[in-house]
Amino acid sequence: MSQFLQQIVNGLSLGSIYALVALGYTMVYGIIKLINFAHGDVYMIGAYVAFIVTTYFGFGFFPALIMCMVVCGILGVLIERIAYRPLRHAPRITALITAIGVSYVIEYTTAYFMGSEKRTYPQLLSNASFNLGPIKITTQQIYIFVITIVLMLILQFIIQKTKMGRAMRAVSTDENAAELMGISVDTTISFTFLIGSALAGAGGILVGIYYNSINPLMGMVPGLKAFIAAVFGGIGSIPGALIGGLFIGMAETMVVAYGSSLYRDAIVYAILIIVLIVKPTGLLGKNQREKV
């Protein structure tokens, strides 16, 4: 029982990182119905930005967190402006292929400038631990979980209580009607990419701390897992992205603990298949009728 509870704690830490990345997927899809497969590589850039500013400029954890969120937010806006906006009214398959192309460009540009080898992450947080009964909890795990919850609450506040949040909800519901009401659709979509990419940047620094290493291809598999988390929770739903991320993280750690690490990726894709068969809209997703 104690091992089971320990794996729950470990899964919550890993799932929190997936949830941060999944939030970006679900926001972008909720606004413009685009699966931004370059999002996982934005998260990788966040890890590298934090690595650079802490290793070469001596920043602490919180300044590095802010810096990588800012850089990734700007990168997200540039990606939307250069790659996606010209294709906004093109067939969805065109935008999807473009997203995959952007992903490869980011990966191999990073490999060109930073090298393709793995880099050891600096220790930005204390690795002290304490026991809560039979469960061992580290300071890093607490930071990861708390930062995820705080950022999600801030995101919910922005969406529900601010003018830009109302614009985002309006564009998500009906882009043409929102434009007729005086809402700048381009600005709203850019802001969505800004926020979603900033959250991915936060996930990047947290995963660097969690695994203690980074490389230019690190965003591909976790990015797909975060997308699966968004689908599991109901893509387009922010609470759903959090629930999906935590569930995927716990499922992965349980498989490693009670099975084999060889199956850690397979179980995630199996969950995706089951969800698509049983409840394609996800836990908190809603059925939407589309005109044919």
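Predicted model: local features only at pLDDT ≥ 70, side-chain atom pairs only at ≥ 80, totals over all residues.
**Entry 1**

I started at Phe227, which counts as buried because its relative accessibility is 15%. Residues are numbered from 1 along each chain as its sequence is written, and side-chain values use heavy atoms, with hydrogens and water left out.

Next I looked up ring pairs. Rings of Phe, Tyr and Trp (its six-membered ring) pair if their centres lie within 6.5 Å; planes under 30 degrees apart count as stacked, over 60 as edge-to-face and the rest as tilted. By this rule I get 12 aromatic pairs. One of them joins Phe37 and Phe227, with ring centres 5.5 Å apart and planes at 65°, so I call the pair edge-to-face. Phe37 sits in the loop between helix 1 and helix 2 and Phe227 in helix 9 (residues 220-233), so the pair ties together parts that are 190 residues apart in sequence. For the element names, helices (H or I, at least four residues) and strands (E, at least two) are DSSP runs, numbered from the N terminus. Phe37 has 22% relative accessibility, so I put it down as partly exposed.

I also checked Phe51 with Tyr56: the ring centres are 6.4 Å apart and the planes are at 85°, so this pair is edge-to-face. Buried or exposed, what are Phe51 and Tyr56? Phe51 is buried at a relative accessible area of 5%, whereas Tyr56 is exposed at 54%.

Back at Phe227, I found that Tyr25, Phe37 and Phe227 make up one aromatic cluster.

**Entry 2**

Two packed helices are described by the angle between their axes and the distance between the axes. The axes are lines fitted to C-alpha atoms, for helices over the stretch in contact, and the angles run from 0 to 180 degrees between N-to-C directions.

Helix 1 packs on helix 9 at about 70°, with the axes 8 Å apart. Helix 1 is therefore roughly perpendicular to helix 9. The cut-offs I used: under 35 degrees is roughly parallel, over 145 roughly antiparallel, 65 to 115 roughly perpendicular and the rest oblique.

Which residues of helix 1 meet helix 9? I listed Tyr18, Val21, Ala22, Tyr25 and Thr26, and on the helix 9 side Pro222, Gly223, Leu224, Lys225, Ala226, Phe227, Ala229 and Ala230. Contact here means heavy atoms within 4.5 Å. By class I have 10 nonpolar, two polar and one charged. The class rule puts Ala, Val, Leu, Ile, Met, Phe, Trp, Tyr, Cys and Pro as nonpolar, Asp, Glu, Lys and Arg as charged, and the others, Gly among them, as polar.

**Entry 3: helix 1 against helix 2**

Helix 1 (residues 2-32) and helix 2 (residues 39-55) pack at about 130°, with axes 10 Å apart. The two are therefore oblique, and they cross right-handed. Ile17, Val21, Gly24 and Tyr25 of helix 1 touch His39, Gly40 and Tyr43 of helix 2. I sorted this contact into four nonpolar, three polar and no charged residues.

Tyr43 turned up again when I looked at Met218, which contacts Tyr43, Met44, Ala47 and Val207, leaving aside neighbours within four places in sequence. Met218 lies in the loop between strand 4 (213-214) and helix 9, and at 12% relative accessibility Met218 counts as buried.

**Entry 4: helix 5 against helix 10**

Helix 5 (residues 139-161) and helix 10 (residues 238-258) pack at about 165°, axes 10 Å apart. I therefore call them roughly antiparallel; their crossing is right-handed. Helix 5 brings Phe145, Thr148, Ile149, Met152, Leu155, Gln156 and Ile159, and helix 10 brings Ile238, Pro239, Leu242 and Leu246. The tally for this contact is nine nonpolar, two polar and no charged.

**Entry 5: two single residues**

Gln6 is in helix 1 and is buried at 15%.

Val185 belongs to helix 8 (residues 185-211) and is buried at 6%. Again leaving aside neighbours within four places, I found Val185 in contact with Arg88, Val171, Glu175 and Glu179.

Terms used. Left-handed = near helix turned anticlockwise from the far one by under 90°. Buried < 20%, exposed > 50% of the residue type's maximum accessible area, 1.4 Å probe, protein only.
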